[in-house]
Amino acid sequence: MVHTHAALFIDGAWHAPTSRDVIEVHSATTEEKIGQVPDSTTADVDAAVAAAGRAFRDWSATTPAERADVMERFAAALGSRAELSARLVSEQNGMPIAISTVAEGQAPAGLLGYYAALARATELEERRPALAGNGTTIVRKEPIGVVAAIAPWNYPGLLAMMKIAPALAAGCTVVLKPSPETVLDAFVLAEAAIEAGLPAGVLNIVTGGPEIGKHLVAHPGVDKVAFTGSTPAGRQIAETCGRLLRPVSLELGGKSAAVILDDADLTATMQGLATASLINTGQTCYASTRILAPQSRYSEILDAVTAMVSSLPVGDPLDPNTFIGPLVSADQRARVESYIETGRSEGAKLTTGGGRPADRDRGWFVEPTVFGEVGLDHTIAREEIFGPVLSVIPYADEDQAIAIANDSEFGLGGTVWTADAAHGIDVARRVETGSFGVNNYTLDFGAPFGGIKASGIGRELGPEGMAAYFTTKSIFLTD
Ligand code: NAD
């Protein structure tokens with residue numbers, strides 16, 4: 001079935017695009033065309049930003065409880081489409097359905113509910129006695145304005161909603177630009193918004209690639225940019241926002257470490273590590289793809305990682321037993337294969353994978369791959385691969401393990417694997433990162449998520465995620 005959309009969701013309705021150009025979407029598994037949507041022009045972006053600007057006047061004046069009511073209706077409408085959203089994402093980017101059912105089907109509606117509840121519970125004004133004496137200051141949280149939200153293809157619905165839900169809760173309006181590779185599920189979002197009666201212009205969706213993204217980021221009608229994607233694109237966006245003095249949050253790439261301590265139970269560790277390092281076929285920004293193993297147990301751990309990875313079911317992402325699906329695109333596969341080639345040529349030892357699965361003649365599959373004897377200066381130990389490729393690196397003692405974990409331009413995720421969870425927390429405190437897990441990691445709606453260094457600026461999720469959409473006003477009252 002080819003999902004065809006002829007119009008864009010702008011100003012609360014289906015808006016005829018200004019150009020006849022289209023974006024074609026292909027299945028990561030069959031390579032066949034599965035969808036077609038209009039390719040936005042800059043004029044469509046201008047219309048979306050203008051609609052968001054008009055809508056901001058009324059939406060920002062609603063009470064948090066009124067906004068929460070609308071968001072809960074939106075959550076219900078989206079929740080009733082959860083199966084469709086999950087399936088579309090799996091078809092587009094190859095995400096195993098067991099993951100998309102939760103991350104792309106249930107979580108976006110759950111996030112709307114979480115931020116609706118937080119909106120109800122958040123005090124927007126507080127009174128502080130002036131420390132200078134003779135007065136009081138009212139400190140107000142005010143919505144920042146029109147938000148440009150730009151999402152990548154790896155978790156398209158979840159990462160879009162990590163921006164939309166807190167923005168709406170704060171009283172902001174949004175123009176979303178999803179990735180062209182995974183644009184179809186954004187049309188399901190639009191259908192849910194219409195059914196829920198979201199006021200016109202509160203959420204608008206434009207399509208297109210980097211050029212449309214650039215136009216949106218620099219648009220004079222935008223007050224804040226929220227971006228998730230690659231570090232190079234994040235740097236460009238930050239430069240534009242720096243010039244414009246425009247608030248921006250950036251959730252970028254990662255190269256996180258899994259520190260296996262010498263007391264770790266290897267059976268439990270391997271079970272957890274499969275998810276922590278290879279969830280969504282390694283196309284996960286926080287994945288722990290550098291496996292740090294104590295020298296004393298190095299060959300035992302390399303064997304265990306190799307056995308675990310080579311046992312993971314590879315196949316059709318719509319099969320609930322699949323753990324490794326295809327990559328999102330032919331380009332992404334070429335990128336991952338070139339890293340595998342670099343790993344070989346720089347002298348790392350391939351212990352499993354390295355090619356394409358023999359039983360798949362279609363789809364952008366790469367075998368799950370492990371390299372041992374990876375040097376700290378090897379390209380595969382330093383750069384984000386964003387595919388199912390793990391490097392197992394030896395360390396002499398715990399101090400060196402932490403030094404290796406921190407020897408990265410990135411600082412997004414990471415994990416420690418140990419029989420002593422309290423000791424694991426000590427390790428977590430010493431790793432330079434935004435998020436960390438002891439004996440596994442998962443995103444938690446209530447906990448801020450984001451990176452340091454080249455992994456970005458700012459946090460999403462939790463109350464911190466909503467704070468990013470407020471500006472603060474102080475009103476001084478003389479006694
Ligand atoms: P990408 O940077 O190529 O594209 C992301 C989005 O930005 C797309 O919608 C794209 O069209 C748009 N875009 C690209 N260049 C732009 C520009 N200069 N100005 C405005 N918009 C632009 O990233 P991708 O390949 O889609 O996603 C993979 C990357 O995203 C990986 O590096 C991954 O680590 C990162 N990621 C980070 C997080 C996080 O939370 N830190 C989460 C998921 C993915």
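**Close-up views of the predicted model**

View 1. Look next at Ser 230, where a polar side-chain atom is 2.6 Å from an oxygen atom of the ligand. On its own the ligand exposes 840 Å², and the protein buries 90% of that (accessible areas by the Shrake-Rupley method with a 1.4 Å probe). There are 28 residues around the ligand (a heavy atom within 4 Å), and Ala 151, Ser 230, Gln 236, Leu 252 and Glu 384 come nearest.

This is a predicted model, where local features need pLDDT of at least 70 and side-chain atom pairs count only at pLDDT 80 or more, while totals for chains, interfaces and linings use all residues. Residues are numbered from 1 along each chain as its sequence is written, and side-chain values use heavy atoms, leaving out hydrogens and water.

View 2. Where they touch, 31 residues come from domain 1 and 31 residues from domain 2 (contact means heavy atoms within 4.5 Å).

**View 3. The seven-stranded sheet.** Follow this open, mixed sheet in the order S15-S16-S17-S14-S13-S19-S20. Strands (E, at least two residues) and helices (H or I, at least four) are DSSP runs numbered from the N terminus, and two strands pair if DSSP finds at least two bridges between them. S15 (349–352) and S20 (437–438) are the edges, each with a single partner strand, so one side of each has no neighbour in the sheet. S16 (residues 369–372) and S17 (residues 389–395) run parallel over three bridges, with Val 370 bridging to Leu 390 in S17. Helix H10 (residues 298–310) lies across S13, S14, S15, S16 and S17, at about 170° to S16 (axes are lines fitted to C-alpha atoms, for helices over the stretch in contact; angles run from 0 to 180 degrees between N-to-C directions).

**View 4. The six-stranded sheet.** This one is also an open sheet with mixed pairing, ordered S10-S9-S8-S11-S12-S22. Its edge strands, S10 (203–205) and S22 (456–457), each pair on one side only. Inside it, S8 (residues 146–150) and S11 (residues 224–228) pair in parallel over four bridges, and Val 147 has Lys 224 of S11 as its bridge partner.

**View 5. A hairpin.** S6 (residues 125–129) and S7 (residues 135–143) are antiparallel over five bridges. Arg 127 pairs up with Ile 138 of S7 as bridge partner. Five residues lie between the strands, and Gly 133 takes a positive phi near 85° in this hairpin.

Methods
A polar contact is a pair of N or O atoms within 3.5 Å; within protein, one must be able to donate a hydrogen and the other to accept it, and residues adjacent in sequence count only if both atoms are side-chain atoms.
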